[in-house]
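This briefing covers selected features of the structure below, grouped by topic. Please read it alongside the coordinates.

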Amino acid sequence: MSANYLSKINDLVKTHKKLIIGLLGLVILACLIGLKFIKYNNNIELMLPADSQVQQSMRFLRESNFSDKLVISLKLNGQKHSTDDLILATDKLINSIDSPLVKQVIGSVSSANFMQEMIFFLQYSPQLLGTESLIKLKNLLQPPGIKERLSFIYRQSLTPGSSLLMPFLRADPLNLSSEILGNIGKLSQSSGYDITINNGHFVSEDGRTTMIIIKTSVLLTDGFGSRKIVSYLQEKLRGIPDFISADIIAGHMHTVKNEDLIKKDIWFTSVIAALGFLLLFLFIFRDWRSIIIFAMPLGAVLISTGVAFLIFKNLSYFVIGLSTVIAGITIDYGIYVYLAVRKAGNSLETLRKIIRPVVFGALTTISVFAVFFFSSVKGYHQLAFFSNFTILLCLGFALFILPHFIKEEAVSPKIHQRRADETGKKFVIGSIPDYLWLISWCILIIIMLGLAARLKFNNDITQFDGAGKEIAKSEEEFHHTWGAKKLPAVFVVSAETLPGAYELNDAVYEAAVKAIGQENFNSLASIWPGMAKRKENLEAWNTFWTQEKIKEFQNMLFEYGQPFNFSDEAFAPFIQQLHTQTSLEMEPKGLVFFEQLKEQFVLKKDGAYQILSFFPDQDEYIAKLSGIKNAYPGTFLVSRKNFSRQISQALSGEFFFLAFLAIFSTLGLTFLLLKNLRLTILAMIPVATALALIAGVTHLAGLALNIPSVIAAMVVVGIVSDYGMFMVYYCKYRYQTGTIIAVTLAAVTTLIGAGVLLFAQHPVLFSIGITLVTGVLSGYLSSLLIIPALYRLWKVKVDVSV
C-alpha cells in the first residue's frame with residue numbers, strides 16, 4: 001500500500017474516529033442480537049465431499065426407511081415381575097403414544113393371522129419353486145417319502161396347538177413351503193436382530209425385554225425434529241412402572257447428543273478462551289487499552305457469523321466450533337500493531353515498517369483458508385468464508401483503528417524487547433550456542449519423521465460420533481439382548497418401474513448367490529422373484545404335475561393315510577391347488593407380512609424404485625459384490641466400511657491438491673515479502689517443523705490422522721508461516737518494533753484459542769485441538785530458536801541498517 005493511500009486512510013479514521021467506532025458498535029450489537037435468530041446445522045452431509053458415490057450412499061441413508069425409525073427397548077429390572085407384567089406395561093405404553101410426529105407404532109403381531117397369511121401365500125408356490133425344488137419333489141413322490149410325511153403330520157396332530165398348525169399342513173402336506181418359509185424368516189431377521197414372538201409381542205429369548213418400533217416422519221438428519229421426537233418419547237417413558245427400565249435406540253439420539261455436546265463445547269471453550277485472553281492482556285500489558293485487542297476478534301467473529309448466515313442460510317456447528325481458533329489467529333495482528341506503536345509511536349513511519357509483514361502474514365493465512373473454496377465439501381466453503389472475512393476485518397481494525405487508541409510509551413516493565421546492537425551481535429537465548437540448537441532440531445525432526453512413517457489414516461466416520469458413553473452403553477446392552485452386533489451392508493438396485501426393479505433384483509440375486517452364497521445374501525428375490533422368473537417356474541410346475549401324476553399322488557395319500565385315519569378330504573386344499581391355475585400378479589395382495597417386508601426392502605423415491613438386499617459388511621463380500629455392481633448399471637453398495645473408503649478415496653486426491661495450493665501460495669507470498677529465495681526457505685522452517693511434529697506426536701499419542709486433523713494441519717501452515725516470516729523480516733531489517741515479544745504473544749494467544757479445544761468432549765474438536773496445539777507450539781519454538789541460528793550460520797548480510 002502506497003504512503004499516500006496509507007496517509008489518507010489514517011487521516012480519515014483520525015478525523016471521524018467517533019463516528020466510525022459508533023457505526024461499528026451498532027453493527028456488532030445488531031449481530032450479537034441476531035445470534036438467537038441464526039440457524040445452525042449439524043448435518044454431517046455438509047462435511048462430506050460432492051463425490052457421486054458418497055452422495056449416493058448418503059442420500060440413500062437419509063431417504064431410506066432406516067432413517068425414520070426409533071426402537072424402544074423395555075427391560076425388567078428385577079426378578080419379582082414376570083414377562084406377562086412386562087407385556088402389560090408394553091401394551092400400555094403403545095396405547096399412550098399418540099403424536100403427529102409418530103406415523104406408526106409396531107409392538108405386536110398376531111400369530112393366528114400370520115398362519116392364515118402363510119396358508120394363503122402357498123397358492124403362489126408354483127411360481128416360487130424352481131428347478132431344484134421340482135427335483136426334490138420328484139424324489140419325494142415315492143412311497144417311502146409319502147409314508148414319512150404322513151407319519152410326521154399325524155404326530156403333529158397330537159401335539160398341543162395342533163389346531164393352528166393343521167390347516168397349514170393340510171395345505172402343504174409335502175412341505176414344499178419349507179424353503180419359502182425359511183427365506184421369509186431370514187428376511188424378517190435381515191437386520192440381524194434375534195426376535196421371538198410371545199403372546200404376539202417382540203420379546204427377547206430370555207423373556208425379560210420387549211421391543212417397540214416407532215415409525216416417524218422425522219429423519220435422523222433433522223436436528224430440530226430429532227430433538228422433538230426424542231423429547232416426546234422420553235416424556236412418555238417417565239410413566240412406565242419402576243420395575244422396568246427403558247432405552248431409546250435410534251440415530252436420532254446420536255443427532256441430539258452430538259448437537260448438545262457441540263453446543264456445550266462451543267460455550268465452554270469460548271468462555272475459557274475469553275478469560276484467557278482477558279487475563280493475558282490485563283496482567284501482561286497492564287493497559288486498559290489492550291482490551292481493544294481482545295475486543296477486535298470478538299467483534300469480527302460476531303460480524304462474520306451474521307454475514308456468513310446471510311450468505312449460507314445456515315451455519316455448520318463444526319465451523320462455529322472453530323471460532324475460538326480463528327479469534328486466536330486474528331488477535332495476532334492487533335498484538336503486532338499494538339507493540340509497534342507502543343515502542344515507536346503512532347506515526348506513518350511506524351505503520352510503514354510493520355504493514356508489509358503484517359499484511360503478508362495475514363495474506364498467507366487467508367490463502368490457506370481460501371484453498372478450501374476449491375474443495376467439493378460445502379462445509380469447507382463456510383469455513384473458508386468465515387475465517388477469511390474475520391481475518392480481513394481484524395486486519396483492518398488493527399492497522400487503521402487500533403493505533404488511534406494507543407499511546408506511545410518509551411519503556412514498559414512488562415513489555416521489553418532486548419535491542420540488538422547495530423553491529424549485528426548474536427541474540428542468544430541463555431548460553432546455548434547456535435550449533436547445539438541446530439543439532440537438537442535436526443535430531444528431533446529425524447525422530448519425528450521416523451514416527452510419521454508409522455502413522456495411519458483413520459477414515460471411519462463413526463470416530464467423530466460424540467453421542468457419549470451413556471448412548472454407547474445402551475446400544476451395547478441392546479445388541480447383547482437382541483443380537484445385531486454388526487449391522488449388515490446393503491446392495492441396492494434401482495429402476496424407473498417396479499417390474500423393472502424386480503427383474504434387475506432377480507438377476508443380481510442369482511449372481512450374488514453364486515459369488516458369496518445364498519446364506520450370506522438376504523434378498524426379496526428369494527421369496528418373490530421377478531415376473532419372468534415366476535412365469536418360468538409356473539410353466540415348469542404345470543409341466544411337472546400332469547393329470548396322471550396328480551391321480552397317482554392322490555392314490556398314495558389315500559392308501560398310506562388309512563393307518564392314520566386320514567379322511568379322503570384331509571388334503572383337499574393342496575389337491576384343489578393342483579387343479580387351479582394361479583395368475584401372475586406383480587405382487588401378492590392383502591398380505592400384511594408381505595407389505596411389512598416390502599416396506600423394509602422396497603423404496604419409492606422421486607418416481608423411481610429401489611430394492612434392497614442385505615449381506616455381511618465384510619471386505620471379502622464387498623469386493624465380490626462390487627464386481628456385480630459394476631456389471632449391472634443402476635445398482636450400488638452401501639456399507640459403513642465401503643462408505644468410509646469412498647470418502648477417503650474422494651478426499652485423498654482433493655486434499656493433496658488443496659495442500660499443494662496452500663503450500664505454494666504460502667511460499668509465493670513469503671517470497672514476495674522477503675524477495676530472497678534463501679530467506680524464503682528459512683521462513684519455511686516453522687512450517688516444516690510443525691508438520692513433522694504433528695505427524696510424530698499424533699503417532700506417539702496413539703492416535704491416527706483423520707480428515708479434521710489434516711484440515712487443522714493446513715491451517716497450522718498458514719499460522720506458523722507468519723512466525724517465520726516475521727522472524728526472518730526482523731533478522732533482515734532489525735526494526736525495533738517488538739517483533740520477538742509480538743511473535744511470542746501471538747503464539748500464546750493462538751495456543752489459548754486452540755488449547756481450549758483440548759478440553760472439548762466432542763472428538764472432532766478434540767482432534768483439531770491436538771493438531772493445532774502441537775503445530776503452533778513447535779512452529780513458534782522453531783521460529784524463535786532455529787531461524788535466528790540458521791540466519792547467523794548462513795551469514796546473511798543485513799542490507800538495511802537501523
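K533 is partly exposed, with a relative accessible area of 25% (buried means under 20% relative accessible area, exposed over 50%, partly exposed in between, with a 1.4 Å probe and protein chains only). The side chain of K533 forms a salt bridge with that of E510, at 3.9 Å from N to O (a salt bridge is a side-chain nitrogen of Lys or Arg within 4 Å of a carboxyl oxygen of Asp or Glu). This is a predicted model, in which local features need pLDDT of at least 70 and side-chain atom pairs count only at pLDDT 80 or more, while totals for chains, interfaces and linings use all residues. Residues are numbered from 1 along each chain as its sequence is written, and side-chain values use heavy atoms, with hydrogens and water left out.

**Salt bridges**

- Side chains of opposite charge can pair when their charged atoms come close.
- A search of the whole structure finds six salt bridges.
- E510 is partly exposed, at 38% relative accessible area.
- K75 and E477 also meet through their side chains in a salt bridge, with N to O at 2.9 Å.
- That pair links distant parts of the chain, 402 residues apart, with K75 in strand 2 (residues 69–76) and E477 in helix 19 (residues 469–482).
- Both ends are partly exposed: the relative accessible area is 30% for K75 and 31% for E477.
- A salt bridge also joins E587 and K598, whose closest N and O atoms are 2.8 Å apart.
- E587 sits in the loop between helix 23 (572–579) and helix 24 (592–601), and K598 is in helix 24, 11 residues apart.
- E587 is buried, with a relative accessible area of 8%.

**Packing of helices 28 and 29**

- Two packed helices are described by the angle between their axes and the distance between the axes.
- The axes of helix 28 (residues 685–700) and helix 29 (residues 707–733) come within 8 Å and cross at roughly 145 degrees (axes are lines fitted to C-alpha atoms, for helices over the stretch in contact, and angles run from 0 to 180 degrees between N-to-C directions).
- On the helix 28 side, the contact is made by P686, V687, A690, L691 and I694; helix 29 contributes A713, V716, V717, V720, S721 and G724 (contact means heavy atoms within 4.5 Å).
- By class, the contact of helix 28 with helix 29 has nine nonpolar, two polar and no charged residues (Ala, Val, Leu, Ile, Met, Phe, Trp, Tyr, Cys and Pro count as nonpolar, Asp, Glu, Lys and Arg as charged, and the others, Gly among them, as polar).

- N175 has a positive phi, near 60 degrees, and is not a glycine.
- N175 is found in the loop between helix 9 (162–171) and helix 10 (178–188), and counts as partly exposed at 34% relative accessibility.
- K675, also not a glycine, has a positive phi of about 55 degrees.
- The loop between helix 26 (640–674) and helix 27 (677–683) holds K675, which is exposed at 64% relative accessible area.

**Individual residues and their contacts**

- W545 is in the loop between helix 21 and helix 22 (547–561), and is buried at 6% relative accessibility.
- Not counting residues up to four places away in sequence, W545 touches L137, L141, L174, I550, F553, F574 and L578.
- I28 belongs to helix 2 (residues 17–34) and is partly exposed, with a relative accessible area of 24%.
- With residues up to four places away in sequence not counted, I28 touches G299, L302 and I303.
- I28 and L302 are 274 residues apart along the chain, and their C-alpha atoms are separated by 6.4 Å.

**Whole protein**

- The protein has 31 helices and 13 strands.
- Of its 802 residues, 52% count as buried.
- Among contacts between residues at least 6 apart in sequence, 83% join residues at least 24 apart.
- The protein exposes about 36,900 Å², of which carbon and sulfur atoms supply 61% (accessible areas come from the Shrake-Rupley method with a 1.4 Å probe; for residues, only the protein chains shown count as cover).

Conventions: Helix = DSSP H or I, 4+ residues; strand = E, 2+ residues; numbered from the N terminus.
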